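User: I would like to go through the spaces and cores of a protein model and ask, for each label, what it rests on. Could you begin with what counts as a cavity?

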Amino acid sequence: MSPQIQNPAITNWDGLHRLPRFELVKDADFAPAFEVTMREHQAEIDAIAGNPSEPSFENTIEALEVAGDGLSRVSALFWNRAGADTNDVIQALERDIAPKLSRHYSRIGMNAVLFARIDALWNARKSLSLSVEQERVLQRHWKGFVRSGAKLPLVQQERFATINETLAGLGARFGQNVLADEANWILPLHEIDLVGLPDFLRESMAAVAKARGADTPYAVTLSRSVIEPFLTFSERRDLREQAFRAWVSRGANGGQTDNRAIVRETLSLRAEKATLLGYSSYAAYKLDDTMAKTPEAVNGLLMQVWEKAVARAREEERELAQLIADEGRNHAVAPWDWRHYAEKLRTRKYDFSEAELKPYLQLEKVIEACFDVARRIFGIRAVRLDNVAAYHPDVRVFEIRDGDDNLVALFMGDYFARPSKRSGAWMSSFQSQHRLSLKNGLKGELPIIYNVCNFAKPESGKPALLSLDDARTLFHEFGHAAHGILSSVTYPSVSGTGVSRDFVELPSQLYEHWLTVPEILKTYAVHYKTGQPMPQALLDKLLAARTFNAGFNTVEFTSSALVDMAFHTRGTVEDPMAVQAEVLEKIGMPASIAMRHATPHFQHVFAGDGYSAGYYSYMWSEVLDADAFSAFEESGNPFDPETSHKLKTHIYASGGSVDPEDAYKAFRGKMPSPEAMLKKKGLAA
């Protein structure tokens with residue numbers, strides 16, 4: 001007997017505004033729901049492929065756009081839980097379901113009868129009177145099938161499907177191993193160990209110790225919002241080294257959570273996959289569908305920036321070494337020293353420190369600032385729904401309404417770190433905006449978007465205080481969210497963030513600029529005790545120091561991106577760690593700086609396929625975002641209505657319905673050079 005969905009709440013979302021009723025969905029509901037909805041999706045695919053009518057855009061492409069709605073809903077709930085609030089049951093199912101889903105989609109992508117219909121439409125596209133968006137959607141489906149092996153011989157198709165299935169399982173294991181290393185490590189500390197630590201960090205570490213059940217009053221974990229300030233402020237060099245080594249060793253500690261063998265197998269399978277499709281490398285395969293187009297273009301940009309960044313980093317290192325000598329110490333600048341002495345150097349140069357700034361960056365006020373920017377630029381406002389349950393008690397739910405009070409989206413903010421949540425920050429969706437009719441009778445859907453962050457959770461009754469980097473992260477992720485919230489397209493596949501990988505970071509990185517607009521800081525950067533706004537003198541120092549430590553920050557990122565490209569422009573890599581070392585030596589990586597993401601915990605690249613041969617995209621988009629914000633600077637108003645309207649229309653609302661280069665030109669009139677980006681970083685000549 002075929003299994004049935006045991007809990008209709010997993011696919012029938014009947015909460016307020018058609019939200020899922022998260023509290024009704026149990027871990028045990030997912031396995032049977034996946035099996036049923038995959039079977040239903042396959043039946044829909046078979047019906048589209050077997051349609052006796054001649055293929056048309058409506059009976060083939062539009063039908064594919066809305067097929068598998070039940071599976072999409074189950075998947076959205078599951079992957080949210082797997083990333084933001086996982087447990088042993090969910091992790092076991094993730095290892096099981098990831099390969100099965102891969103096999104399911106491979107079967108669809110290699111359906112010869114279905115591809116024949118799509119291919120016929122593609123070849124006849126000039127005579128079909130399609131809109132720009134429809135032609136983009138058709139292209140996406142046709143390319144997607146070709147890149148999924150639709151044109152391969154049957155034997156190679158089977159191998160291709162097996163590779164994808166294996167890669168899906170490897171990616172799930174990689175991410176779970178990193179999470180395990182993060183969740184299982186803790187550095188218990190006593191009062192005597194806290195030399196140099198400001199009050200806000202002591203409070204965070206006390207909350208961490210309590211939450212983790214430590215037998216000491218304070219503790220450090222590998223959450224970035226705890227370990228980075230610890231590395232910055234702790235005067236205990238021995239403890240900084242201990243914490244730093246644990247942080248950079250995630251995924252490389254031996255035993256069951258060691259990721260190095262997974263990386264080797266992943267790279268081998270990716271290279272084989274690219275070869276099957278006729279590409280010279282996996283990077284060539286991935287970049288074929290991006291703005292950059294080729295590995296040569298990517299490496300050209302990265303190396304142009306690298307040369308300037310490493311020269312600046314060498315200058316910064318000499319200044320830090322002098323500080324160390326001034327303290328009477330006799331050691332070189334090590335990676336666990338850099339943040340500590342950089343903070344001291346910033347204090348000396350600009351007469352302010354992170355500890356002085358942090359009391360003015362309350363999480364609640366930064367969220368308010370983020371929403372106010374959206375109101376000023378896009379004409380939308382956020383309304384908190386206090387009585388609506390989300391997927392975790394920490395998660396806040398908001399209506400997003402336009403100037404006429406129409407509901408345009410739902411947004412959830414999940415801001416605090418917890419052991420059940422993977423590290424980092426991200427945006428995702430339970431539902432994407434579109435205007436097509438569904439089988440349930442609804443015409444179109446509102447976007448349901450969520451942001452996940454990992455800020456240190458304070459003790460009850462105390463405010464959560466953010467670093468400037470934390471505040472930027474919140475703005476960054478809401479920039480992604482705005483991309484989904486403001487989407488105004490017909491077809492789901494090009495909705496919101498359904499754009500090329502090296503364009504998707506433009507809306508997010510651009511949004512970061514408004515955090516440091518003086519008008520925003522003056523309004524929302526208020527002291528958590530006194531309520532007084534940030535003093536003008538401190539604001540001036542903050543703005544003057546925006547490019548401080550630019551060499552370090554850029555070297556951290558660019559070295560990771562160059563290693564990613566090196567991995568994916570080669571064939572089989574027998575020893576990934578040797579390749580990493582080789583690349584770093586070749587480019588002259590300073591020994592005092594570590595990659596932002598060393599290979600064994602490089603989740604962007606190995607916990608799935610998303611940013612593989614694509615980590616560069618942050619910098620590619622940064623070229624665009626620096627130039628895009630210049631449009632507001634040129635207008636003399638960071639909220640200029642005309643520029644805001646063009647930005648909303650051409651960048652945030654259009655999704656993937658137009659070519660990204662055409663979208664950018666419609667906003668800005670031309671494509672940019674890297675100069676504005678280098679100037680923003682403080683690396684211009």
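Analyst: A cavity is a set of grid points where a 1.4 Å probe fits but cannot get out. The model here is a predicted one, and a search of the whole structure finds 3 cavities of 30 Å³ or more.

User: How is the lining of the largest cavity divided by class?

Analyst: The lining of the largest cavity divides into 9 nonpolar, 2 polar and 5 charged residues.

User: Which elements supply the lining of the second largest cavity, and what is its volume?

Analyst: The second largest cavity has a volume of about 100 Å³, and 14 residues line it, with F244, W247, R339, E556 and M595 closest to its centre. At least two lining residues come from each of α10 (237-248), α14 (335-350) and α21 (550-569), and α10 has the largest share, 3 residues. By class this lining has 8 nonpolar, 1 polar and 5 charged residues.

User: Why is the other kind of space called a pocket and not a cavity?

Analyst: A pocket is an open set of points with protein on both sides within 12 Å along at least five of seven lines, whereas from a cavity the probe cannot get out. The second largest pocket has a volume of about 360 Å³. Its lining has 18 residues, of which T11, D69, G70, R73 and N440 lie nearest the centre. Two or more lining residues come from each of α1 (30-49) and α3 (69-84), and α3 gives the most, with 4 residues. The classes in this lining are 6 nonpolar, 6 polar and 6 charged.

User: What makes a group of residues a nonpolar core, and which residues have the most contacts inside the largest one?

Analyst: The residues must be buried, which means under 20% relative accessible area, and be joined through side-chain atoms within 4.5 Å. The largest nonpolar core has 139 residues, and F378, F411, F475, F478, I485, W514 and L647 have the most contacts inside it. Helix α13 gives the most to this core, with 11 residues. A second, separate core has 33 residues, among them M38, L71, A76 and A390.

User: Which residues does W514 touch?

Analyst: Leaving out residues up to four places away in sequence, W514 touches V373, I377, F475, I520, F629, F632, P638, F639 and L647.

User: Why is S129 called exposed, and why is K293 called partly exposed?

Analyst: The relative accessible area of S129 is 70%, and exposed means over 50%, so S129 is exposed. K293 has a relative accessible area of 48%, which lies between 20% and 50%, so K293 is partly exposed. S129 lies in the loop between α5 (112-123) and α6 (132-147), and K293 is in the loop between α12 (282-287) and α13 (295-326). Neither residue is a glycine, yet phi is positive at about 55 degrees for S129 and about 75 degrees for K293.

How values were computed
Residues numbered from 1 in each chain as written. Predicted model: local features only at pLDDT ≥ 70, side-chain atom pairs only at ≥ 80, totals over all residues. Heavy atoms only, no water. 1 Å grid on protein atoms, 1.4 Å probe; cavity = no way out; pocket = protein on both sides within 12 Å on 5 of 7 lines; lining within 4 Å. Points joined across faces, edges and corners; volume = space filled by probe spheres on them. Nonpolar A, V, L, I, M, F, W, Y, C, P; charged D, E, K, R; others polar. Buried < 20%, exposed > 50% of the residue type's maximum accessible area, 1.4 Å probe, protein only. Contact = heavy atoms within 4.5 Å.
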